[in-house]
Amino acid sequence: MLMAVGRDELVVTAGVTTVVVMVVAAVNPHDAWQQPFLRGVDTAIGIALGVGASWIALLVATLCASRSA
């Protein structure tokens, strides 16, 4: 699916994520249904932190540029 939309560089990441979820589910099969959900929550938190850090960096760069002008 990723190759069909032209995102070939993400195929490996999707594969690794799938393998991690399957291995974790195999190691602890009791609550295997929770693993994809928890992985999604981890991803959402990572995205939120990345966006927040980018926003703060942009704000700091803008403030530094305005002070030097």
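1. Val41 lies in helix α2, residues 34-68, where helices are DSSP runs of H or I with at least four residues, strands are runs of E with at least two, and both are numbered from the N terminus. The model is a predicted one, in which local features need pLDDT of at least 70 and side-chain atom pairs count only at pLDDT 80 or more, while totals for chains, interfaces and linings use all residues. Residues are numbered from 1 along each chain as its sequence is written, and side-chain values use heavy atoms, with hydrogens and water left out.

2. With a relative accessible area of 33%, Val41 is partly exposed (buried is under 20%, exposed over 50%, partly exposed in between, with a 1.4 Å probe and protein chains only). Together with Phe37, Leu38, Ile45 and Leu49, Val41 makes a nonpolar surface patch of about 480 Å²; patches take residues with over 30% relative accessible area and no salt bridge, joining nonpolar side chains (Val, Leu, Ile, Met, Phe, Trp, Tyr) within 5 Å and like charges within 9 Å.

3. A search of the whole structure finds 1 salt bridge, defined as a side-chain nitrogen of Lys or Arg within 4 Å of a carboxyl oxygen of Asp or Glu. The side chains of Arg7 and Glu9 meet in a salt bridge at 2.9 Å, N to O; Glu9 is exposed at 51%, whereas Arg7 is partly exposed at 40%.

4. Regarding overall form, the protein has 2 helices and 0 strands, and its C-alpha trace spans about 60 × 30 × 15 Å along the principal axes. Of the 69 residues, 4% count as buried.

Technical notes: Accessible areas come from the Shrake-Rupley method with a 1.4 Å probe; for residues, only the protein chains shown count as cover.
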